[in-house]
Every structure is written in C-alpha cells, then in structure tokens.
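Q: Please take me through this model feature by feature, giving the general idea of each before the case at hand.

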Amino acid sequence: MRSIERSLNQFNEAGIRPVAISVDTSEDSRKLAESQGYTFPILSDHSADVIRRTFGPDFLIGVSTHSLEEARAARDHADFAVFGPVFTTESKNVYGAPQGIAKLAAVTHDLAPFPILALGGMRLDNLAGCQQAGASGIAGIGIFNDLESLPQTVNKIRELFKENE
C-alpha cells in the first residue's frame, strides 16, 4: 500500500493526475483511492455485477478480458474493459501468445462504443496500432515506469487517443 501511495505522490509532483488506479479490491486500496480523490475502477476476479451491487451505480468498474466473449460479458455490468495482452510482455508469457492487434480491433469494433483499453506490452512505438484498432486508450505498467519522461509519455498517449474519445 505504501508503494502505491509513494507512486501517487510522484505522479502528483510530476504534474500528472491519474484518473483511475487499478489494484486489488481490498478496503485499504479503496480508501486510499478515495482519500486521493481518484476514480477507482476494479479489475478483479469478482463478477462485475457483484461489484456493481456492492458499490453502486456511480462506482467506475473495469473488467480484465482476454477474448471477445469475455469483453461482451463485461459490457453488461462494467463501465469499460481492458483487453490483452495485445503484445508480448514478460509478465503474461505464461498465459500463451499475445492476442494481437487484429483481435483487439475485432473486440473494439464489435463492442463500439463500449470503451476498450489495450493492455500488455505497451510501448510508445506500438500505441498507434492500438489507437488505429479502435482502443479508447491503454493500460500498462512498464510504459509508466520512467518518472523522468512520464509527463511526455502521458501527453503523447493523450494526443494519440484523443480522436478515439
């Protein structure tokens, strides 16, 4: 929890205000998010309809998906879905081959205008493919790790995905 709090402080010091954070569904995480004034989507193994009933209609919910069928199911009870992994990423190699841009495009087009965020192996040099495939934005970890270039990275992502809003 302390590492999340430090990261949020570093974002704030860099002049970047995240609109959401994604962590486990623990009460401590929820309280931290609320204390910082962040919208708090939940990406978890719990069913989105259970989370919706528990936290109410104003609670922003995102569901992690790995297929068109999972994304379709997410649409029924969530506010957005995260789809991936789109590209190769070490943390997801154990789950098999990445989904790829073509599957991302199939999901975004089938579910439009439901927001789909691309996840997995996000780098500045491959984001345009996600944008062209219809993703509403991206989610990631590694792409946001370099705090010195974080403001520039965030601005590039915002500019790229502006037309998909």
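Q: Where is P113 found, and what is the peptide bond from A112 to P113 like?
A: P113 is found in the loop between α5 and β3, where helices (H or I, at least four residues) and strands (E, at least two) are DSSP runs numbered from the N terminus. The peptide bond that leads from A112 to P113 is cis, with omega near 10°. The bond from G84 to P85 is cis as well, with omega near 0°, and P85 belongs to the loop between β2 and α5. The model is a predicted one, in which local features need pLDDT of at least 70 and side-chain atom pairs count only at pLDDT 80 or more, whereas totals for chains, interfaces and linings use all residues. Residues are numbered from 1 along each chain as its sequence is written, and side-chain values use heavy atoms, with hydrogens and water left out.

Q: Which elements does the chain contain, and how do they run from the N terminus on?
A: The secondary structure comes to seven helices and four strands, and the elements run α-α-α-β-α-β-α-β-α-β-α from the N terminus on.

Q: Which residues stand opposite one another around β2, and how does the chain cross between the strands?
A: Strand β1 (residues 62-65) is joined to β2 by four bridges, with V63 opposite A81 and T65 opposite F83. The chain crosses from β1 through α4 to β2 in a right-handed β-α-β crossover, a term that applies if, with the strands pointing away from the viewer, the path from the first strand over the helix to the second runs clockwise. On the side of β3, three bridges join that strand to β2, and A81 stands opposite I116. The crossover from β2 through α5 to β3 is likewise right-handed.

Q: Are the faces of β2 covered or open?
A: In a regular strand the side chains alternate between the two faces of the sheet. Both faces of β2 are covered, since F80 and V82 on one side and A81 and F83 on the other are all buried, where buried means under 20% relative accessible area, exposed over 50%, and partly exposed in between (1.4 Å probe, protein chains only). Of the 165 residues of the chain, 39% count as buried.

Q: Which residues touch the most other members of the largest nonpolar core?
A: In soluble globular proteins, nonpolar side chains tend to be buried together. A nonpolar core is a set of buried Ala, Val, Leu, Ile, Met, Phe, Trp, Tyr and Cys residues joined through side-chain atoms within 4.5 Å. The largest one has 28 residues, of which V86, L104, I116, A118, M122, C130 and I138 touch the most other members. The elements that each supply at least two residues include α3 (48-55), β2 (80-83), α5 (101-111) and α7 (150-161), and the largest share, four residues, comes from α5.

Q: With which residues is V86 in contact?
A: Contact means heavy atoms within 4.5 Å. V86 lies in the loop between β2 and α5 and counts as buried because its relative accessibility is 1%. Leaving aside neighbours within four places in sequence, its contacts include P98, I101, L104, A118, M122 and C130. The C-alpha atoms of V86 and G121 are separated by 6.8 Å, although these residues are 35 apart along the chain.

Q: Is N126 buried or exposed?
A: N126, in the loop between β3 and α6, counts as buried because its relative accessibility is 8%. A polar atom of the N126 side chain lies 2.9 Å from the backbone nitrogen of R123. Not counting residues up to four places away in sequence, N126 touches F87 and G121.

Technical notes:
A polar contact is a pair of N or O atoms within 3.5 Å; within protein, one must be able to donate a hydrogen and the other to accept it, and residues adjacent in sequence count only if both atoms are side-chain atoms. Two strands pair if DSSP finds at least two bridges between them.
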